[in-house]
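Please look at the sequence and the model before reading on.

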Amino acid sequence: MPGLEAVVKSRVWLVISLIGLLTLTPGCSSGPVLDGKWTATSAAPQTLVADAAIVLTFANGRVSGNAGCNTFNGPVSVEAGTLKAPRLASTMMFCEGPRGQQETWVMALLSASPAVSVDGDTMVLTSAATTLTLRRTS
């Protein structure tokens, strides 16, 4: 039968291993809580199209949304403060003018693995080209 010291060491090792697994397992991080519906309030250097709201909804590890024309959805995660949405599917309606331009830069932002921060009901997505600020609406 192992001595008390060996039992304590094995339990300490087990606890440390479990903590390590929890910090490395997707969905178990202490990153920002994105769940809910978010509506854009400002963008830079772009200008939001007045009659084409940008709406993102996060739930169950997925994002869905609309940037003024097509709807899109796909898996999403946050890794080290970065939003990862690697496989967004989208409807394929033809969008031109300001709505089409807005949709183009929003999709580019989401695919660029932007930095994400949440402070209360405000979310900020930041890439090298764009900063988008959203407000939680539900």
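## Strand pairing around β10

In this predicted model, T126 has T131 of β10 as its bridge partner. The strands β9 and β10 pair in the antiparallel sense, with five bridges between them. Four residues make up the hairpin that joins β9 to β10.

β10 also pairs with β1, again in the antiparallel sense, and here over six bridges. T131 of β10 is the bridge partner of A44.

A44 is joined to P45 by a cis peptide bond, with omega at about 0°. P45 belongs to the loop between β1 and β2.

## The nonpolar core

The largest nonpolar core contains 23 residues. Those with the most contacts inside it are L56, F58, L83, M123, L125, L132 and L134. Two or more residues each come from β1 (36–44), β2 (55–59), α2 (97–111), β9 (122–126) and β10 (131–136). α2 provides the largest share, which is four residues.

## The disulfide

How many disulfides does the structure hold? There is one, formed by C69 and C95, with 1.4 Å between their sulfur atoms. The link of C69 and C95 is left-handed, with -70° about the S-S bond.

C69 sits in the loop between β3 (62–66) and β4 (71–75), and C95 in the loop between β7 (89–90) and α2, so the pair ties together parts that are 26 residues apart in sequence. Are these cysteines buried or exposed? C69 counts as buried because its relative accessibility is 17%, under the limit of 20%. C95 is likewise buried, at a relative accessible area of 18%.

## Positive phi outside glycine

A80 is not a glycine, yet its phi is positive, at about 55°. A80 is located in the loop between β5 (77–79) and β6 (82–84). With a relative accessibility of 84%, A80 counts as exposed, the limit being over 50%.

S113, which is not a glycine either, has a positive phi of about 55°. S113 lies in the loop between α2 and β8 (115–119). Its relative accessible area is 29%, so S113 is partly exposed.

Conventions: Residues numbered from 1 in each chain as written. Predicted model: local features only at pLDDT ≥ 70, side-chain atom pairs only at ≥ 80, totals over all residues. Heavy atoms only, no water. Core = buried A, V, L, I, M, F, W, Y, C linked by side-chain atoms within 4.5 Å. Buried < 20%, exposed > 50% of the residue type's maximum accessible area, 1.4 Å probe, protein only. Disulfide = S-S within 2.5 Å. Pairing = 2+ DSSP bridges.
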